[in-house]
Amino acid sequence: DRVNLVACSPAGTQVLTRSQDNTARLWNAATGQELHAFWGHTSKILSIAFSTSGKQVLTESYDGTVRVWEVATGRELRRFFGGKGKFSLDGKRVLTRSSDNTVRLWDIDTGLEVRRYIGHTDKITSVALSSDGEQVLASSSDKTTALWDVDTGRELRSLTGQTGGVNLVAFSPDGKQMIVSREDNSVWLWD
């Protein structure tokens, strides 16, 4: 099936691909041999990612689920309902957006919600977790971008005054700046 999205493992030894048949596939980067096919999504996969350890992969689909898979076996470890899934740096948690305009942090081992981040009044468009794991950043169709403390769920800052929608948010590698990509093709940096 046609491949249209690719991610490389942190060690560079494996490649994860997304196909049109609602699967993600894991390949040996040196030999090209298929190692696993990750079956289960009932609609197109939107994004794929490796955890920083390379022991897990994450898939997000139009079916409304974010799934975490074990690389060694190809087994589904957890299924979370929502979208825009992101691994925490330690690979123990997953950040997702939810249909109720909240962002949620989940524990992969237990499958339980750790924290819910509340404040947006419209659909969440993008989420990010700082490299130190201490802050959550999310943008919304309500034309705001919010920054929360991971542990307390307290909103630390709201970036307002955006006249258009926000496509993507990210943190700089050192976590000191927030990067906001807007629909008007501008990119804003916030300290």
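**Reading a strand sheet and its core**

User: In β14, which residue is the bridge partner of I124?

Analyst: Strands of a sheet pair through backbone hydrogen bonds, either parallel or antiparallel. Here, S140 of β14 is the bridge partner of I124. Strands are DSSP runs (E, at least two residues; helices are H or I, at least four), numbered from the N terminus. Two strands count as paired if DSSP finds at least two bridges between them. The model is predicted: local features need pLDDT of at least 70, and side-chain atom pairs count only at pLDDT 80 or more, whereas totals for chains, interfaces and linings use all residues. Residues are numbered from 1 along each chain as its sequence is written, and side-chain values use heavy atoms, with hydrogens and water left out.

User: How many bridges join β13 to β14, and in what order do the strands of the open sheet run?

Analyst: Antiparallel β13 and β14 (residues 135-140) are joined by 5 bridges. The open sheet has 4 strands, ordered β13-β14-β15-β16, with antiparallel pairing. Its edges are β13 (124-129) and β16 (155-159), each of which pairs on one side only. From one strand to the next the twist averages 15 degrees (axes are lines fitted to C-alpha atoms, for helices over the stretch in contact, and angles run from 0 to 180 degrees between N-to-C directions).

User: Which residues make up the largest nonpolar core?

Analyst: In soluble globular proteins, nonpolar side chains tend to be buried together. A nonpolar core is a set of buried Ala, Val, Leu, Ile, Met, Phe, Trp, Tyr and Cys residues joined through side-chain atoms within 4.5 Å; buried means under 20% relative accessible area, exposed over 50%, and partly exposed in between, with a 1.4 Å probe and protein chains only. The largest such core has 12 residues, including I124, V127, L129, A138 and W148. Two or more residues come from each of β11 (103-107), β13, β14 and β15 (145-149). The most are given by β13, with 3 residues.

User: What does A138 touch?

Analyst: Contact means heavy atoms within 4.5 Å. With neighbours within four places in sequence left aside, the contacts of A138 include V103, I124, V127, A146 and W148, and also H120 and T144.

User: What does D122 touch?

Analyst: D122, in the loop between β12 (113-117) and β13, touches N101, S140, S141 and D142, not counting residues up to four places away in sequence. At 35% relative accessibility, D122 is partly exposed. Its C-alpha atom is 9.1 Å from that of S99, 23 residues apart along the chain.

User: Where is confidence lowest in the chain?

Analyst: pLDDT is the predictor's confidence in each residue, from 0 to 100. Strand β19 (residues 187-190) is lowest, at a mean of 83, while β3 is highest, at 97. The chain has a mean pLDDT of 90, with 97% of its residues at 70 or more.
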